Amino acid sequence: MSADSRIEAITRRIVERSKPTREAYLDRVRSQISKGVHRSVLSCGNLAHGFAVCSPGDKTALSGDQVPNLGMITAYNDMLSAHQPFETYPALIRKAAHEAGGVAQVAGGVPAMCDGVTQGQPGMELSLFSRDVIAMAAGIGLSHNMFDAAVFLGVCDKIVPGLVIAALTFGHLPSIFIPAGPMTSGLPNDEKSRIRQLYAEGKVGRAELLEAESKSYHGPGTCTFYGTANSNQMLMEIMGFHMPGSSFINPNTPLRDALTREAAKRALAITALGNEFTPAGEMIDERSIVNGVVGLHATGGSTNHTLHLVAMARAAGIQLTWQDISDLSDIIPLLARVYPNGLADVNHFHAAGGMGFLIKQLLKAGYLHDDVRTVFGQGLAAYTIDPKLGEDGNVVRQPSPEESADPKVLARIEAPFQPNGGLKMLTGNLGKAVIKISAVKPERHVVEAPAIVFHDQQELQDAFKAGKLDRDFIAVVRFQGPKSNGMPELHRLTPPLGVLQDRGYKVALVTDGRMSGASGKVPAAIHVTPEAVDGGAIAKIKDGDIVRLDAIAGTLEVLVDAAEFAARTPAAPDLSHNEFGLGRELFAPLRRVAGAADMGASVLY
Ligand SMILES: O=C(O)[C@H](O)[C@@H](O)[C@H](O)[C@H](O)COP(=O)(O)O
Ligand code: SF4
């Protein structure tokens, strides 16, 4: 079934816009493919180093060019609950590779930051740049050129986007993403947020807050809210980088391990040595990217993907814009109510039918390109399944049901929760911005109020604690862009602004920084571009200026006489405090070259 004509039209305009860069990219990929099995270009010395620690059997296998070798890129560490399960994956994957007649080696590791640990801390100023550092680190591993396919072990916020950039940079190789799955459900996310707001008001102490947080984040696996990490899993599934049904199976379960083994064997089956060669650079095309954006809107996914999807697409020569994302939002309905867009968590989402049901609904309406290549073969319809553990310990896939097992969490296409995806681009005399309203009540989609300007999130929190913010206002938090301080998430603003909103005040946030994928209830115009330090108009806003954020009209305006505003001198605060400390001095070169948010805020292109 062909896609809806509006989806086709947007896809066509992306294809047209991307033609020069996409064709140049594909030429590079095909040139690399034409060189044949990559180990064959290595010298004997190179090869001997490459398999020095292998068994005699593997050395024999790798000495020739008939046995496929799988390169693993792992983001294992104990900081991310979502990545901790990867500690045991290399051994599992090596064993599965041998069972399939291949070899598997860890090509390299990549760094991974837990945004939950660094949230509100100086480390968060390295977070966005870590995406591109991860892409470079993965490139270092794959540059050994020993491999016929790659598997990527990563889940969280900047890690999957960075790994996708690497996978597409090495687009001549087939690549499969292997997740570790969500944490089992703990304290409900809305209850955690309620305790946070009580703490912000001084009504509970640190002991109660730590108890609530620890009951929420309690074990291995991805945090269960629908933030950037779980948006990543949705994207990898709907873009065809996952084996069908991989996204939301809990860690350390037989089905999880069966999916991991299966992915390793599939990666070896789709190399150039077999008859289903599926290089990532050809598998992912403009239709795959559009499918990813559609999934983002249908699930109320993280705003961080208005940065990451643009950067990921560029790695394959595809030019995705915020206008594309905004226009698709007008078409795609919201089908999932997962925190912060609802009370459920990703385990409930999966139990209600999960990705298989979601994809089935979107395909039924023609909102997805079905005729795409995936690591599993041709066509997205193969992903409308429910994964189960078979008698033999392998994965079996049953067709997804026609009905949602929980219509309050996962809706049918005929009865969506909202008619659109709620991720809009705003334009006006402050430049461009992005707003996600799928978690914002309709009466708050337009906010017009006096500005109060802050130069970091701690200033706002201090003003709140001092009782200075009990009024209608728009918080303008600026000098938070990529060139300023690395564009940290300002998620610690959510509790105080949420308290003020619950007290009945009209509040909103305007910032050239980012929010967490878990942020939601307060209207926020984020990623304002140009950023303050880059000549952005946001640097000229003064306390008391009337600012209007209109998510319905798609506008972001400061209501000041244009001539008077233009004549203002931009603020130029002292930013030296974010140039040193906790590694920020190492990232000064990246701040200098960082691109604009609407181009992916990348240091790579
Ligand atoms: O984009 C995201 O999804 C966030 O970066 C998330 O990964 C991070 O952990 C947040 O901090 C939410 O968690 P907390 O509400 O516990 O901070
Ligand atoms: S979802 Fe966020 S907080 Fe949870 S493990 Fe991943 S990065 Fe850390």
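Helices (H or I, at least four residues) and strands (E, at least two) are DSSP runs, numbered from the N terminus. What you see is a predicted model, in which local features need pLDDT of at least 70 and side-chain atom pairs count only at pLDDT 80 or more, while totals for chains, interfaces and linings use all residues. Residues are numbered from 1 along each chain as its sequence is written, and chains are lettered from A and ligands numbered from 1 in the order in which they are written.

**View 1. A parallel, open sheet of 4 strands.** Its order is β2-β1-β3-β4, and two strands count as paired if DSSP finds at least two bridges between them. At the edges are β2 (103-109) and β4 (175-177), each with a single partner strand, so one side of each has no neighbour in the sheet. On average, neighbouring strands are turned by 25° against each other, direction ignored; axes here are lines fitted to C-alpha atoms, for helices over the stretch in contact, and angles run from 0 to 180 degrees between N-to-C directions. Look for β1 (residues 69-74), which pairs with β2 over 6 bridges. There, Thr74 has Gly109 in β2 as its bridge partner.

**View 2. Helices α6 and α11 against the sheet.** Helix α6 (residues 127-142) lies across β1, β2 and β3 (149-153), at about 140° to β2. Helix α11 (residues 254-269) touches β1, β2, β3 and β4, and makes about 155° with the direction of β3. Residues are in contact if their C-beta atoms, placed from the backbone, lie within 7 Å.

**View 3. Leu70 in the largest nonpolar core.** A nonpolar core is a set of buried Ala, Val, Leu, Ile, Met, Phe, Trp, Tyr and Cys residues joined through C-beta atoms within 7 Å. This one has 192 residues, and Leu70, Val151, Ala475 and Val476 have the most contacts inside it. Setting aside neighbours within four places in sequence, Leu70 touches residues including Val103, Val151 and Leu268.

**View 4. Met487 and Leu582, two non-glycines with positive phi.** Met487, with phi of about 60°, sits in the loop between α19 (482-485) and α20 (494-502). Leu582, at about 55°, is in the loop between α21 (562-567) and α22 (588-593). Which of the two is buried? Met487 is, because it has 28 other C-beta atoms within 10 Å, whereas Leu582 has 13 and so counts as partly exposed. (Buried takes 20 or more other C-beta atoms within 10 Å, exposed 12 or fewer, and partly exposed is in between; C-beta atoms are placed from the backbone.)

How values were computed
Contact = placed C-beta atoms within 7 Å.
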